[in-house]
Amino acid sequence: MSDKQAEIVVLGSGPGGYTAAFRAADLGKKVILIERFDSIGGVCLNVGCIPSKALLHAAKVMEEAESMADHGIQFGKPKVDIKKLAAWKDGVVSRLTGGLKALAKQRKVEIVTGYGKFTGPNEIAVEHDGKTTTVGFDNCIIAAGSRPVNLPFIPEDERIFDSTGALTLKHIPKKMLVLGGGIIGLEMATVYHQLGSQIDVVEFLPQLMNGADKDIVKPYEKWVKQRYNKIMLETKVTTVEAKKDGIHVTMEDKKGQTLTEKYDGVLVAVGRTPNGLLIDADKAGVQVTERGFIDVDKQQRTNVPHIYAIGDIVGQPMLAHKAVPQGKIAAEVIAGEKHFFEPNCIASVAYTDPEVAWVGVTENEAKEKGIKYGKGNFPWAASGRSLSNGRDEGMTKVLFDEETNRIIGCGIVGTNAGDLIAEAALAIEMGCDAEDISLTIHPHPTLSESIAMATEAFEGTITDLYMPKKKK
Amino acid sequence: MAEDIKVPDIGEYSNVDVIEIMVQPGDTVAAEDSLIALETDKATMEIPAPKAGVVKAVTVKEGDKVSEGDVILSLEAEGSSAEAAPAETAVPAEASSSAPASSSGAPQVVNVPDIGEYSDVEVIEVLIKPGDELQEEASMVTLETDKATMDIPAPFAGTVAEVKLQEGDKVSQGDLIAMMTPAGASPAAAPEPVAEKAAPAPAPEKTAPAAAPQATPAVTGGKAHASPAMRRLARELGVSELATVPATGRKGCITEEDLKQFVKGIVQSAQSGGGAGLGLLPDPVVDFAKFGDIETQPLPRIKKISGDNLARNWVRVPHITFFEDADITELEAFRKGKKAAAEKAGVKLTPVPFIVKAVAKALSEFPNVNSSLSADGASQVFKQYVHVGVAVDTPKGLMVPVIRDADQKGIYDIARDLMEYSTQAREGKLKPESMQGGCFTISSLGGIGTKYFAPIVNMPEAAILGVSKADMKPIYDGNGGFTPRLMLPLSLSADHRVIDGAEAGKFIVTVAQYLSDIKELVL
């Protein structure tokens with residue numbers, strides 16, 4: 001007999017977990033939400049999406065203020081009160097997590113705090129402060145998420161931190177190495193650069209933001225190259241030594257040449273790994289892969305019919321906006337609905353400055369799969385709005401299926417790319433073709449019209465650029 | 001301007017009787033409407049209107065004899081948009097063709113559109129009453145055939161002025177349903193139905209399991225087009241393969257109505273095909289142990305699968321079975337004479353390769369027998385290849401490996417294929433690919449005995465030939481005496497939907513003839 005019992009127990013209260021829990025409660029189920037930390041909301045709310053966006057906003061404001069100096073408004077060098085900035089960021093976080101707790105209370109979702117692990121196919125034991133509470137369930141939704149990858153050869157030192165540590169702003173290094181040229185590392189680079197750190201980036205692959213097409217990363221790369229110290233691609237880190245005078249990092253490029261640099265701080269951002277092997281899933285009979293992922297079907301079911309899994313723990317992409325719909329579906333399926341997780345596309349966004357966003361098929365993928373596509377490009381140097389924003393480096397690219405003229409992919413680099421990409425996602429899901437997009441009136445002057453313009457460029461009807469040899 | 005409508009290509013016939021005139025001057029016809037009926041010595045055929053229009057004058061009468069090219073009538077073709085011309089546009093065309101000219105004032109006729117092969121279909125529900133404001137494609141009445149229920153949609157948006165039928169009425173294409181005043185507030189409203197009517201009209205056809213072929217959903221990157229809400233609805237309705245749903249939405253998108261019609265169609269055909277729809281008693285349940293010792297064993301997988309297939313074939317195919325004896329006296333003499341030489345060439349020469357060859361030749365001469373009905377039952381697939389399956393008994397159960405291009409292979413090659421398959425079959429190593437692509441099946445009982453049997457057609461093939469044990473029989477020699485001849489019993493079951501009695505008879509007689517004189521196979 002368990003200490004507590006519920007129809008649905010959700011393990012983990014990140015965006016996937018709390019969405020599943022709240023949806024299930026709205027569908028009339030008795031729900032218990034297990035969260036090991038005192039505040040709910042998981043990585044996203046506490047040490048991920050939200051705090052990073054708050055700091056990125058601060059960075060953006062600083063950048064914009066600084067750039068106005070050339071255009072007649074001089075702010076001068078800003079005084080940065082790091083503690084106050086961190087406190088504001090924490091305030092945003094606690095406002096949201098507090099709000100979540102209120103939502104949970106309104107829905108009568110019971111939150112059990114502690115580290116949950118399976119004891120059997122229908123029970124989880126939650127440990128907190130030396131005490132264990134057993135929670136029995138008819139159905140379980142595993143939303144235990146992921147954690148930053150730890151590279152074993154990297155020593156422990158307070159000057160070496162991951163994204164969670166970076167968000168605390170405990171230490172603004174004078175000279176900082178961002179180890180890993182993916183989205184998370186580069187977002188933190190954006191923040192720390194504005195806060196005064198000199199930035200080096202080292203990345204093993206030939207490109208930053210792997211997964212995005214080269215042409216939309218290029219304007220971003222150009223922008224940061226002018227501001228950061230060094231961007232080292234196709235370079236691997238061979239040793240990291242924590243010495244009194246700094247962190248000594250030896251790197252080797254593709255030609256075999258090595259280089260050792262000394263840094264005041266190193267951000268290790270080499271990816272995230274799922275938590276599947278940390279919850280005794282095997283005691284419930286749930287299969288977990290060697291890497292720690294839990295495989296599920298399109299209704300989020302694991303190999304055990306009454307146990308579901310969602311979010312980072314089930315695979316890539318590890319994004320909150322993937323976890324959220326999966327959470328909804330898991331709750332709805334348990335409630336008897338015939339719902340399936342079958343989106344046509346999931347957008348990726350780097351909230352750097354400039355932002356980089358892409359959705360649907362990339363040119364790389366299209367070439368790999370032999371998909372015949374046409375594309376339209378619109379450089380923001382021709383965008384009245386972008387120029388009015390004092391920026392000209394952006395670009396919008398739209399890909400269309402050659403046969404049906406339907407939109408299959410979109411890539412955007414520039415300020416607000418993350419907000420703009422949603423239109424493309426909708427267009428792809430709705431099966432819009434080029435005409436549908438170009439005939440939809442986009443307001444002027446906005447950045448959103450770049451999508452219509454790129455489409456017109458594809459069609460050959462664009463008037464804001466001169467492209468004589470286009471088809472129509 | 002009026003144009004002459006002539007008798008089209010009617011095959012090899014000329015001077016064919018006109019047995020019925022189905023239109024008169026002043027009638028408005030849609031494309032494909034029947035104009036006159038002709039009767040040859042074989043069949044009756046109706047001549048369809050090649051386009052929509054108004055009949056100006058009819059120049060033939062019952063009893064006339066006509067040939068290809070003779071003028072039947074003169075037709076004033078639809079003057080308005082090109083959209084009126086396309087073949088499958090249904091009757092609403094003539095209702096709204098006057099719309100662009102007139103304003104919204106006058107009520108327009110709404111007729112029963114093309115509803116497939118049915119006529120005198122019962123109206124089971126009238127969904128409208130005078131005064132109702134309907135959107136384009138809103139359902140007006142529900143008709144029920146013996147196969148399916150179909151809703152007739154409004155061909156244009158408008159207000160119902162009069163309802164011209166009631167529940168229980170029996171209607172056919174062209175009958176009046178209602179008078180509707182088109183929604184004329186904006187000029188765009190009236191002309192739109194003319195242009196867009198290609199969409200509403202085909203909708204009723206889709207309720208019958210035979211869906212209009214051009215309605216396959218557009219596909220990009222392997223995915224059929226449906227918005228997220230439609231994809232969810234599809235899943236809720238149990239549809240997992242969107243590409244199989246006929247789509248009538250703009251640019252090939254699947255709409256909510258498409259999903260509903262698709263599912264309705266499947267339910268109707270499932271109910272008419274399955275046992276529940278047949279109104280059968282449930283299977284009897286008997287506790288056999290009550291009557292003596294029993295031993296229960298699980299049904300082997302192959303037996304279960306083939307059992308399910310046979311049960312379906314039995315129910316779905318209307319079987320006709322023909323029996324015939326083939327005189328294989330000469331064939332056997334030839335074969336036995338060749339046996340030793342064949343063995344030296346590594347070939348085991350049994351009668352089966354000869355039967356395969358005879359069947360293969362017959363198949364190339366009887367295209368109907370070498371065909372299959374399409375899955376939706378609306379078309380017939382005529383194969384240009386001849387692959388013959390030969391049923392073999394294996395330790396795992398009955399299997400039918402297929403001899404490819406049997407019409408192009410010699411006897412020895414066919415024999416070699418059979419030997420190869422036999423070996424594989426004995427070792428349980430017959431590959432699934434070997435059993436695919438067959439046009440026809442031969443089921444030989446070999447030396448077992450029995451005379452004739454009624455084999456079950458191996459769907460989706462159209463026929464199957466059963467072969468039993470040859471026997472010496474006294475055959476009338478035509479001169480008052482009897483001579484001993486070796487007669488091979490043949491049993492041909494055929495799918496009567498595809499093959500008629502005369503053809504089945506001719507086919508089996510042809511096969512028997514080839515077997516009785518194998519020199520024919522050389523020709």
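I took two strands as paired if DSSP finds at least two bridges between them; strands (E, at least two residues) and helices (H or I, at least four) are DSSP runs, numbered from the N terminus. This is a predicted model, where local features need pLDDT of at least 70, side-chain atom pairs count only at pLDDT 80 or more, and totals for chains, interfaces and linings use all residues. Residues are numbered from 1 along each chain as its sequence is written, with chains lettered from A and ligands numbered from 1 in the order in which they are written.

Strands. I looked up strand S2 (residues 16–21) of chain B. S2(B) pairs with strand S7 (residues 65–66) of chain B in the antiparallel sense over 2 bridges, and Asp17(B) stands opposite Lys65(B) in S7(B). S2(B) also pairs with strand S4 (residues 34–39) of chain B, antiparallel over 4 bridges; there I found Glu20(B) opposite Ala37(B).

Asp417(B). I found Asp417(B) in helix H10 (residues 411–426) of chain B. Why does Asp417(B) count as buried? Asp417(B) is buried because 21 other C-beta atoms lie within 10 Å; the cut-off is 20 or more, with exposed at 12 or fewer, partly exposed in between, and C-beta atoms placed from the backbone.

Cores. I used sets of buried Ala, Val, Leu, Ile, Met, Phe, Trp, Tyr and Cys residues joined through C-beta atoms within 7 Å. The largest nonpolar core has 138 residues, and Val10(A) is among those with the most contacts inside it. Helix H8 (residues 320–334) of chain A gives this core the most, 8 residues.
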